[in-house]
Amino acid sequence: MLNSVTLSYRCCTLYLLPSVLLFIFTFSGCSGTTASFQLSPADAEKLDPILAELQLGYDLTSSLRILQLIVTIEEEGKKEEVRESLWYKKSDIDGDLLHLQAMGPLNEPRVVAIAARNQFLLYLINEGEVIFEPLEDQVLQEIFGVDLRVSDVRSAIFANPFLDGRLSELSLAHSGAKYVVTRPGPAVGQVERITIFVRADEPQVSNWEVSDKDGNIIQQAKFSDYREVGGVLRPHRIEIERPLEKTRVLLKIVKPDINIDISDSKFEFDRFLQDGTTRRFLR
């Protein structure tokens, strides 16, 4: 773990490398077997249109801009607030592109993070330091000192856990407008429970929790304050809790815009790799 990582620096990355909105898994050496998950034909008939509608929300979003993202993190009795800006774009050539900035007290950029074209850049402006490495799980783990999964980026941004494609093992419990989907977690013995409310045929993921083989909640993400943005329903409040570590992160999204024109230059690395910038290598 890099000694120069600060609390604000961690706040910035919590949304980028989501469950930021990333899901962070610090589970190692797990034992036990994963339970069997299988949908009945009747449950599949109920769940399939919900999953299709959630997928449609992603498909209809070609770009996302959040000029004001308020991130509050509470950890071991300490509380810090950071304001951030986020740009996301789908590219037919380069795939998902993401640019995030953490701002200082005068609304000046302090930290820039870019994930694009299978590369990850982290630029600490005041320190004049940059990290530029492949966008891989092990690289992120080495930078931040915790287990991070690259695959969770889209799921957190779009409040859709199913964008990771893990749909082969699911079970469903249903009562009125409430649907609870259970599936194996990414590590042996883990279980994910995803709660969805369907109102006026619009599904809203409200809770996404991961528990270990003993039933202890490792992490829980709550999505709320859903509002329509450009015809797509999006949460404007996200709360992430890690009970075992007494950590809570709250994200408030202010006036997001979707499907606006964002220049590809927003996701270029060259301007942060100029002479005079200290490049830190992990190996």
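Modeller: Happy to. Let's start with some rings: Tyr58, Tyr88 and Phe158 are linked into a cluster by ring pairs. Before going on, note that this is a predicted model, where local features need pLDDT of at least 70, side-chain atom pairs count only at pLDDT 80 or more, and totals for chains, interfaces and linings use all residues. Residues are numbered from 1 along each chain as its sequence is written, and side-chain values use heavy atoms, with hydrogens and water left out.

Colleague: How do I read a ring pair, and how many aromatic pairs does a search of the whole structure find?

Modeller: A pair of aromatic rings is described by the distance of the centres and the angle of the planes. Rings of Phe, Tyr and Trp (its six-membered ring) pair if their centres lie within 6.5 Å; planes under 30 degrees apart are stacked, over 60 edge-to-face, and the rest tilted. The search turns up four such pairs. One of them is Tyr88 with Phe158, edge-to-face, at 5.3 Å centre to centre and 75° between the planes. Tyr88 sits in strand β2 and Phe158 in the loop between α4 (152-157) and β7, so the pair links parts of the chain 70 residues apart. Helices (H or I, at least four residues) and strands (E, at least two) are DSSP runs, numbered from the N terminus.

Colleague: Are Tyr88 and Phe158 buried or exposed?

Modeller: Both are buried. Buried means under 20% relative accessible area, exposed over 50%, and partly exposed in between (1.4 Å probe, protein chains only).

Colleague: What does a tilted pair look like here?

Modeller: Take Tyr123 and Phe272: their ring centres are 5.4 Å apart and the planes meet at 50°, so this pair is tilted. Tyr123 belongs to strand β5 (residues 119-124) and Phe272 to the loop between β14 (257-258) and β15 (278-279), so parts 149 residues apart in sequence are tied together. Tyr123 counts as buried at 15% relative accessibility, and Phe272 is buried too, at 7%.

Colleague: Which residue lies over the face of Tyr58?

Modeller: That's Lys90, at 3.6 Å from the ring centre. A charge sits over a ring if NZ of Lys or CZ of Arg is within 6 Å of the ring centre and within 35 degrees of the ring normal. Likewise, Lys266 lies over the face of Trp87, at 3.8 Å from the ring centre.

Colleague: Now the strands. What is the bridge partner of Tyr88 in β3?

Modeller: Two strands pair if DSSP finds at least two bridges between them. The partner of Tyr88 is Leu98. Strand β2 (residues 78-91) runs antiparallel to β3, with nine bridges joining them, and the two form a hairpin with three residues between them. On to β4 (residues 109-116): six bridges pair this strand with β3, again antiparallel, and Leu98 stands opposite Ala115.

Colleague: Why is β3 largely enclosed by the rest of the structure?

Modeller: Because seven of the nine residues of β3 (residues 95-103) are buried.

Colleague: And how do I read a nonpolar core?

Modeller: In soluble globular proteins, nonpolar side chains tend to be buried together. A nonpolar core is a set of buried Ala, Val, Leu, Ile, Met, Phe, Trp, Tyr and Cys residues joined through side-chain atoms within 4.5 Å. The largest here has 50 residues, and Tyr88, Phe162, Ile196 and Phe223 have the most contacts inside it. Apart from that core lies another, of 13 residues, including Phe132 and Ile262.
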